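Let us walk through a protein model one piece at a time. Keep the structure in view as you read.

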Amino acid sequence: MILKMIKAKYPIGKFKEIETPFYYYDLDVLNKTLSEISRNIANLPFEVHYALKANVNPEILRIIKDAGMGADCVSGGELQAAFDAGFPSEKIVFAGVGKADWEINLGLDNNIFCFNVESIPELEVIDELASKKGKIAKVALRINPNVSANTHHYITTGLNENKFGINLSELDKVIRLVKTLQNIQLIGIHFHIGSQITDISPYKDLCAKVNELEDYFVQNGIKLENINVGGGLGVDYEHPNHFPLPDFESYFKVFRDNLKLREGQILHFELGRSIVAQCGSLISRVLYVKEGTSKKFVILDAGFTDLIRPALYQAYHRIENLTSEDAEQEYDVVGPICESSDVFSKGYSMNGTKRGDLIAFRTAGAYGEIMASQYNLRKLPKAYTSDDLGEV
Ligand SMILES: *Cc1c(COP(=O)(O)O)cnc(C)c1O
């Protein structure tokens, strides 16, 4: 596929006045993404919960909440952020392999919709804590379906060897246990097979597994009201300008066509990256262009403390020089942090670059700002939205 090179539209005049690095969120892109999701699930028994771990910028949370989505949380901090943003409790789900007692209590006190339970000991602890409060905890079993997501091994989660979920071989035991626990109400089953999944076929495999498992539950006399297939839909990191919206149509269609929902069942999704990735950029300034013996380095004021995905997963982000139209050259684009892994890209082709140029890392709205650290005692960058900075 050969695509014409285009650049994103940014309020560059405003950018020049702002201290770098900073995150920039284009709310128009976010709103279009949310409309596309709403359009695809309209009139279906489908509910989308936004996975807060991708980004908890308060303005972003408000917009997603206003679009009618629920929240998917993986910590007490995220539960609190969801409550603060006004997500209704009955639309909040709580996952994670290591829920601490205070986190479970926070969920119980606020009557969240569902705990996605990942192990037998967790089930017992939730039952005990709920009993102390005289409450019934609603739970879904997170089942490890042993489906491969064909993605980076750090972000695949649905294989037996991963730490997540209850393995199929344990299911009989879990069901027997659930029936004895007085303060647990089993309301569904939950899956999450990985992240940045761009090939739709693992979702087809997941549907087949879910159908099989549903038969199994029916045989065991259990009616499940909720099926939760998690998140993981990928985005186009290579071509954010040509494909700013993920292919939600194909994604939801796979479940429509392949998953056999029973009478009254609701199908839940937990999308993170696909909702917020494309609306965000990390904007940085060039500090120096250094001539090495065989290559040129662009040294930025942003480092892996501000966007860790390249260092952590060898992830690709499109990099644009916003202030140069000069002929393209190849650069190693690096940050200022005292670690050899602080490299965004090697041999990256970019418009001729000089000190002071503004650089955009595209598709940085998910797992960008939220993973920022203060290593080297750096300042956490600020975030601005298109509403803050006005029209382009
Ligand atoms: C991370 C996570 C998600 C969201 O994943 P994305 O790839 O960002 O869509 C959903 N559910 C659970 C349980 C998760 O851990």
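**A buried valine and its surroundings**

Val229 has a relative accessible area of 0%, so Val229 is buried (buried means under 20% relative accessible area, exposed over 50%, and partly exposed in between, with a 1.4 Å probe and protein chains only). A word on the source: this is a predicted model, where local features need pLDDT of at least 70, side-chain atom pairs count only at pLDDT 80 or more, and totals for chains, interfaces and linings use all residues. Residues are numbered from 1 along each chain as its sequence is written, and side-chain values use heavy atoms, with hydrogens and water left out.

Where does Val229 lie? Val229 is in the loop between β9 (226-228) and α9. Helices (H or I, at least four residues) and strands (E, at least two) are DSSP runs, numbered from the N terminus. Leaving out residues up to four places away in sequence, Val229 touches Phe191, Leu206, Phe255, Leu259, Leu267, His268 and Phe269. Contact here means heavy atoms within 4.5 Å. Val229 and Leu271 are 42 residues apart along the chain, and their C-alpha atoms are separated by 9.8 Å.

Now look at a helix pair. The axes of α8 (residues 201-219) and α9 (residues 248-258) come within 10 Å and cross at roughly 30 degrees. Axes are lines fitted to C-alpha atoms, for helices over the stretch in contact, and angles run from 0 to 180 degrees between N-to-C directions. α8 and α9 are therefore roughly parallel to each other (angles under 35 degrees count as roughly parallel). In α8, Tyr203, Lys204, Cys207 and Asn211 meet Tyr251, Val254, Phe255 and Asn258 in α9.

Next, the cysteines. A disulfide is a covalent bond between the sulfur atoms of two cysteines. How many disulfides does the structure hold? The structure holds zero (a disulfide is a pair of cysteine sulfur atoms within 2.5 Å). For Cys114, the nearest cysteine sulfur is that of Cys73, 12 Å away. Cys114 counts as buried because its relative accessibility is 3%.

Asp306 sits in the loop between β12 (296-300) and α11 (309-313). Is Asp306 buried or exposed? Its relative accessibility is 1%, so Asp306 counts as buried. Neighbours within four places in sequence aside, Asp306 is in contact with Pro21, Tyr23, Leu282, Asp301, Gly368, Arg378, Lys379 and Pro381. Leu282 is 24 residues from Asp306 along the chain, and their C-alpha atoms are separated by 7.9 Å.

Conventions
Parallel < 35°, antiparallel > 145°, perpendicular 65-115°, else oblique.
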